[in-house]
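Student: I would like to learn how to read a few features of a structure. Could we go through them in turn?

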Amino acid sequence: MGEPAARRDENSEVSPSDDQLREVFAQHGDFVWRSLRRLGVQEADADDALQEVFLVVYRRISEYQDRGLIRAWLFTIARQVASHYHRGAARTEHRHRALVVDATSPDLEELVARREAEQVVRSFLEELDEPQRLVFFLSDVEGMSAPEIAAALGANLNTVYGRLRLARKRFERAVERHTGKSSR
């Protein structure tokens, strides 16, 4: 395997933690991914959660003292990342539930109002251009933060804030148009 990573020339572009990280990922990446799934992370989010785990590993690999417990250490980190994932999912679910009026026994009037509101939102989203639609959807429907949206879309954070502000203004106008029509 050559010279140990710690003995490489100081001018080398690869740090000891880079080599360690590559080795840890190669040996244990599948285990961490499976662990995240077992901890309740949805398959669609497992790759992102895996990346989060290995970002933590990257930052802390130099502190790790190998006592043959690397899988336990990785599982502990994965459990923390999964916990953060669940808290975020719970917040999103709470926001969604707050939008729905008592779903246990809606009467006919509520059902009609709900369907009408859904149609207003659907037609509003169709009016938006793709960048604004994505930002509005990810923020106000999915509950993602602006920094998360910027990372997900590969966009500048200020651009995300600007698109969101414009989309929300347009949404307010769409709701005003709708309520103005129905109140006449």
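Tutor: Start with the surface, bearing in mind that this is a predicted model. Leu-108, Leu-111 and Val-112 make up a nonpolar surface patch, and together they have about 270 Å² of accessible area.

Student: Where is Val-112 placed?

Tutor: Val-112 lies in helix H4 (residues 108–127).

Student: How are aromatic pairs read, and how many does the count come to?

Tutor: A pair of aromatic rings is described by the distance of the centres and the angle of the planes. The count here comes to 4 aromatic pairs. One of them is Phe-25 with Phe-54, edge-to-face, at 4.9 Å centre to centre with 80° between the planes. This pair links distant parts of the chain, 29 residues apart: Phe-25 is in helix H1 (residues 16–38) and Phe-54 in helix H2 (residues 43–60).

Student: Why does Phe-54 count as buried?

Tutor: Phe-54 counts as buried because its relative accessibility is 7%, and the cut-off is under 20%. Phe-25, at 42%, counts as partly exposed.

Tutor: Phe-124 and Phe-136 also form an edge-to-face pair, with 5.2 Å between centres and 70° between the planes. Phe-124 belongs to helix H4 and Phe-136 to helix H5, 12 residues apart. Both Phe-124 and Phe-136 are buried.

Student: Which residues do ring pairs link into a cluster?

Tutor: The cluster consists of Phe-124, Phe-136 and Phe-171.

Terms used:
Residues are numbered from 1 along each chain as its sequence is written. This is a predicted model: local features need pLDDT of at least 70, side-chain atom pairs count only at pLDDT 80 or more; totals for chains, interfaces and linings use all residues. Side-chain values use heavy atoms; hydrogens and water are left out. Patches are made of residues with over 30% relative accessible area and no salt bridge: like charges are joined within 9 Å, nonpolar side chains (Val, Leu, Ile, Met, Phe, Trp, Tyr) within 5 Å. Accessible areas come from the Shrake-Rupley method with a 1.4 Å probe; for residues, only the protein chains shown count as cover. A salt bridge is a side-chain nitrogen of Lys or Arg within 4 Å of a carboxyl oxygen of Asp or Glu. Helices (H or I, at least four residues) and strands (E, at least two) are DSSP runs, numbered from the N terminus. Rings of Phe, Tyr and Trp (its six-membered ring) pair if their centres lie within 6.5 Å; planes under 30 degrees apart count as stacked, over 60 as edge-to-face and the rest as tilted. Buried means under 20% relative accessible area, exposed over 50%, partly exposed in between (1.4 Å probe, protein chains only).
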